[in-house]
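Hi,

Here is the structure I promised to pass along.

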Amino acid sequence: MVRDILIGPHQVSLDITNKCNLRCLHCYNNSGENYQSSDELSDEQVLGFIDEFKDIKLLNMCFCGGEPLLRKDLVIECAKRLKSYGCQNMAMVTNALLLDEKAVDDLSSAGLTRIQISLDGATSASHDRIRNQAGVYEKALSGIATLIERKIDFAVAFTPTEFNIGEFKDFYYMLQGMGMNGNNNIRVQPLMIMGRASGNAKKINPTEKQYRELVNTINLLNQSDNKIRVEWGDPVDHLIRFRNMNIVLNSVMIRANGDVIVDPYLPLVLGNIRKHPFLQYWEHGLNNMWGHELIKKLAENIMSIRDMDNEYDNLPKIWRDKDFVVDLIDDDFEAKFSDILNTLI
């Protein structure tokens, strides 16, 4: 079976930091203010993790955050090593405040193949409002312009809010006017009501009617002769699909403090790379986790983005409460899984 011969994941998302130079109203993991911001992996620990893939040709690596450019030199060193190890695709997400021409050139030279910039409106009023700081709209536009000029592969992420969602068509044509083309894409997904967004939901969450109008606009734009492709993503779709399948895990996430998780929306930690090398967790069954009843049960609590903000007496709330922790190496995880499952039933 595939699960028996897969020696490592195909894709890894690494929160290289949870520190951030903004305090965005919609931030799903409360970057800059969550507990991990003061307990992050050292440079040496991060590079030790990267070196585990020397003999495994990782297909995709994403440097996430927080704001990854706060550890730009580390991102560059990681990319250089992964490139030498045969990694084919390396991406980074950024708010672009630190993405000047030199940073773009350095990242590209190191091996980064794609950069995603967040831009949340066709006006500075909308973007700066959700980013909770004046003057950052121009920084994002400047970063996009540099990527277009340098012909670097990139995406633009747009988060809908009740005050920017009506600007999407203008937003689209603005990017087209800047020179964005079919080699790049716009990524849109519903507002995730977690972290800082949970406390701000009442004043920023779009209505159902607004969402329907946005999806209709996206469909019309994608059916037109315009070259830019808009991707509409559903952050909970995989939770619904995976819990109904005995799927082999090929994508994993490492938090900034080293926690190993199978999904960013489930309150379960399965180890920490400070305690054991990542590949040891893989060998101890990490890739089989979606086959366990506990994972499926946790996923059942999220049927839509609204469920991300639900309160349960017996279930931790991510980025507020302490997650369930079961170390696949140190613990009898079957027994601990059973204990947790009994509290949920």
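This is a predicted model: local features need pLDDT of at least 70, side-chain atom pairs count only at pLDDT 80 or more; totals for chains, interfaces and linings use all residues.

How far is the sulfur of Cys78 from the closest cysteine sulfur, and in which residue does that sulfur lie? It is 11 Å away, in Cys87, which is too far for a bond. Residues are numbered from 1 along each chain as its sequence is written, and side-chain values use heavy atoms, with hydrogens and water left out.

Back to the cysteines. A disulfide is a covalent bond between the sulfur atoms of two cysteines; the cut-off here is a pair of cysteine sulfur atoms within 2.5 Å. By that rule the count is zero. For Cys87, the closest cysteine sulfur belongs to Cys62, at 11 Å, so again too far for a bond. Cys78 is buried, at 0% relative accessible area, and Cys87 is buried too, at 10%. (Buried means under 20% relative accessible area, exposed over 50%, partly exposed in between, with a 1.4 Å probe and protein chains only.)

Now the charges. Side chains of opposite charge can pair when their charged atoms come close. I count a salt bridge when a side-chain nitrogen of Lys or Arg is within 4 Å of a carboxyl oxygen of Asp or Glu, and the whole structure has 30 of them.

One of them joins Arg150 to Asp105, with the closest N and O atoms 2.8 Å apart. Arg150 sits in helix α6 (residues 136-150) and Asp105 in helix α4 (residues 101-110), so this pair ties together parts that are 45 residues apart in sequence. (Helices are DSSP runs of H or I, at least four residues, and strands are runs of E, at least two, numbered from the N terminus.) Both partners are partly exposed: Arg150 at 28% and Asp105 at 31%.

Arg131 and Asp120 make another salt bridge, at 2.5 Å between the closest N and O atoms. Arg131 is in helix α5 (residues 124-131), while Asp120 is in the loop between β4 (114-118) and α5, eleven residues apart. Here Arg131 is buried at 6%, and Asp120 is buried at 0%.

Lys297 also pairs with Glu300, at 3.6 Å from N to O. Lys297 is partly exposed at 26%, as is Glu300 at 42%. Elsewhere, salt bridges with shared partners join Asp309, Glu311, Lys317, Arg320 and Asp321 into one network.

Cheers
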